[in-house]
Amino acid sequence: MKNKMNKVVGLFIVTFVILFTSCNDDSNDYGAPLTIDEKVAVLEKQEWLLKDFEDRVMYTFSNGERFTYYAVDNEFTSEAIPGTVDYTISGDLLTMDFHFGNVKTYEVEFTCNNSIVNFYADGVIQLTLYERGSDYLNCI
């Protein structure tokens, strides 16, 4: 009986460790927190789905511009819509210029093996994106 209890407790601990270490990342291969340059590099390597509109709105980031794609019949178009959002690095923050005087500065945080990114302004989440094709659903 004691042997079975030890196995159950061991299985519980292993499961707990796997679940909670894999979904809270925001670090590089060496365990150090990602720099803002590394965070932008992750943003630029992936396609990102807008939370609550995952099947309709997708963003890509490239060379200081964020592009927006819309889905038609559950398929994202191959061409971005006209117009982009410019972004720059400001210290440890990401600044986005939505044009016409609408500029927002965000703290960027990755979780779930860098498949979820949250954009914070004044400590409040303003925007959440999910990496397209990732296993982000297991973390939310």
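Two residues are in contact when heavy atoms of each lie within 4.5 Å. In this predicted model, Ser115 touches Trp48, Leu129, Tyr130, Glu131, Ser134 and Tyr136, leaving out residues up to four places away in sequence.

**Ser115**

- Ser115 sits in the loop that runs between strand 7 and strand 8.
- Ser115 has a relative accessibility of 3%, and it counts as buried because that value is under 20%.
- The side chain of Ser115 comes to 2.6 Å from the backbone oxygen of Cys112.

**Nonpolar cores**

- In soluble globular proteins, nonpolar side chains tend to be buried together.
- The largest nonpolar core here is made of 22 residues, and Phe61, Leu94, Phe119 and Leu129 have the most contacts inside it.
- At least two residues of this core come from each of these elements: helix 2 (36-45), strand 1, strand 2 (57-62), strand 5 (85-90), strand 6 (93-97), strand 7 (103-111), strand 8 (116-121) and strand 9.
- Helix 2 gives the largest share of this core, with four residues.
- A separate core of eight residues lies apart from this one, and its members include Leu49, Met58, Cys112 and Tyr136.
- Leu129 is in contact with Trp48, Leu49, Leu50, Tyr59, Phe61, Ser115, Ile116, Val117 and Phe119, once its neighbours within four places in sequence are set aside.

**Salt bridges**

- Side chains of opposite charge can pair when their charged atoms come close.
- The model has two salt bridges.
- One of them joins the side chains of Glu47 and Arg132, with 3.1 Å from N to O.
- This pair connects distant parts of the chain, 85 residues apart: Glu47 belongs to strand 1 (residues 47-50), while Arg132 is in the segment after strand 9 (124-131).
- Glu47 has a relative accessible area of 34% and is partly exposed; Arg132, at 37% relative accessibility, is also partly exposed.
- The side chains of Arg56 and Asp55 form a salt bridge, again with 3.1 Å from N to O.
- Arg56 counts as partly exposed at 42% relative accessibility, and Asp55 counts as partly exposed at 39%.

Technical notes: Residues are numbered from 1 along each chain as its sequence is written. This is a predicted model: local features need pLDDT of at least 70, side-chain atom pairs count only at pLDDT 80 or more; totals for chains, interfaces and linings use all residues. Side-chain values use heavy atoms; hydrogens and water are left out. A salt bridge is a side-chain nitrogen of Lys or Arg within 4 Å of a carboxyl oxygen of Asp or Glu. Buried means under 20% relative accessible area, exposed over 50%, partly exposed in between (1.4 Å probe, protein chains only). A nonpolar core is a set of buried Ala, Val, Leu, Ile, Met, Phe, Trp, Tyr and Cys residues joined through side-chain atoms within 4.5 Å. A polar contact is a pair of N or O atoms within 3.5 Å; within protein, one must be able to donate a hydrogen and the other to accept it, and residues adjacent in sequence count only if both atoms are side-chain atoms.
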